[in-house]
Amino acid sequence: MPIAIGRAGLVTGVGLDTAASCAAIRGAIDNFQQTGFRDSSGEWIMGCEVPLPQPWRGEKKLLKMAARAIGQCLGGFDREDCEALPLLLCLPELGRPGRLVPDDVRFFGLLEEELGVRFHARSSAVAQGHVSVAVALLQARQMIAEGHARQVLIAAADSMLSGATLADCEARERLLTSENSDGFIPGEGAAALLVQPPGAQAGPQLVCRGLGFALEHAHIDSEEPLRAEGLAEAIRQSLRDAACGESILEFKIIDASGGQYAFKEATLAFGRIDRTKRSEFDVWHPADCIGEVGAPIGAVMIAVLKAACEKAYARGNNVLLHLGNDDGRRAAMVFSWHAGGS
């Protein structure tokens, strides 16, 4: 069963709403600046902070970013509407060093207080890092198909700008520092998606046709040679779920945020499934502008795609998106832009 993306909300280091964020990403504008953190050599770490009106930090800032992103999707919703709307809240993996949310249930309650609403009893947290949004889309699809909800709200918030998180990433040689050029620039942000059946509204719409999941044993922290079998299998599953072949795909959006591993994996994985002669095949990676933002990246990619389709600068109507966690979990999504309302 396909599901449509009705609305999207973004809060990133390059924009406090969807329009500003997507325009900056389209224009390849970043907001990379020195942070208040130093690497092990004493040099300042570059990062991409979200410039909120007040200098909130830690869990409080996550709450403010999440509420702002969700608010962009709730225009016209009253308290009763929200009580019928499940919220799937995507967060970083449990146990990640420097994780700014000590208690997911408590954070969910604080978010409802911040918004002044209560969400449906089927709401839950999805603490699976990068792949969280794909997992939430699967859960949303099931809820809608089974008649438990007419619409589902997916939201995500995360920040890599935590001393413990940065220290762990530096120790694993994942962070861009004065001593390591093969790493990512840390960022933060929040995103939200209103998910609904394709026929819920008239007009053009972005539809998720297929979802796929797999496990990569040769993940970045392993010592096994990378063959990208896990990601390739996730892509195959997403195509089977969408009941289509890879030949329809016209470009892709990936979660790579820096370092050679993710780009090499993306190339190898697509090479395993691609049997079509192509003159070009664009690859977009929004993290180039907003840094490594963690759990929201999937929703950011979808929001960027939605804006590109609406403003007619997408490189095609059928798009592959894929996500990966450091622990090897992989997810792939096939999206199509439909000009009609079905």
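Here are some questions and answers on helices and their packing.

Analyst: This is a predicted model, where local features need pLDDT of at least 70, side-chain atom pairs count only at pLDDT 80 or more, and totals for chains, interfaces and linings use all residues. Residues are numbered from 1 along each chain as its sequence is written, and side-chain values use heavy atoms, with hydrogens and water left out.

User: Why is Glu59 called buried?

Analyst: Its relative accessible area is 17%. Buried means under 20%, exposed over 50%, partly exposed in between (1.4 Å probe, protein chains only). Therefore Glu59 counts as buried.

User: What does Glu59 touch?

Analyst: Contact means heavy atoms within 4.5 Å. Not counting residues up to four places away in sequence, Glu59 touches Leu100, Val101, Pro102, Arg106, Phe107 and Leu110. Glu59 and Val101 are 42 residues apart in sequence and 6.1 Å apart in space, C-alpha to C-alpha.

User: Why are α2 and α4 called oblique to each other?

Analyst: Helix α2 (residues 58–71) and helix α4 (residues 104–115) pack at about 55°. Angles under 35 degrees count as roughly parallel, over 145 as roughly antiparallel, 65 to 115 as roughly perpendicular and the rest as oblique. So α2 and α4 are oblique.

User: What makes α5 largely enclosed by the rest of the structure?

Analyst: Of its 14 residues, 10 are buried, so α5 is largely enclosed. Among them are Val133, Leu137 and Ile144.

User: What span does α5 have, and what is expected?

Analyst: Helix α5 reaches 20 Å from its first C-alpha to its last, close to the 20 Å expected. The expected span is 1.5 Å times one less than the number of residues.

How values were computed
Helix = DSSP H or I, 4+ residues; strand = E, 2+ residues; numbered from the N terminus. Axes fitted to C-alpha atoms, helices over the stretch in contact; angles between N-to-C directions.
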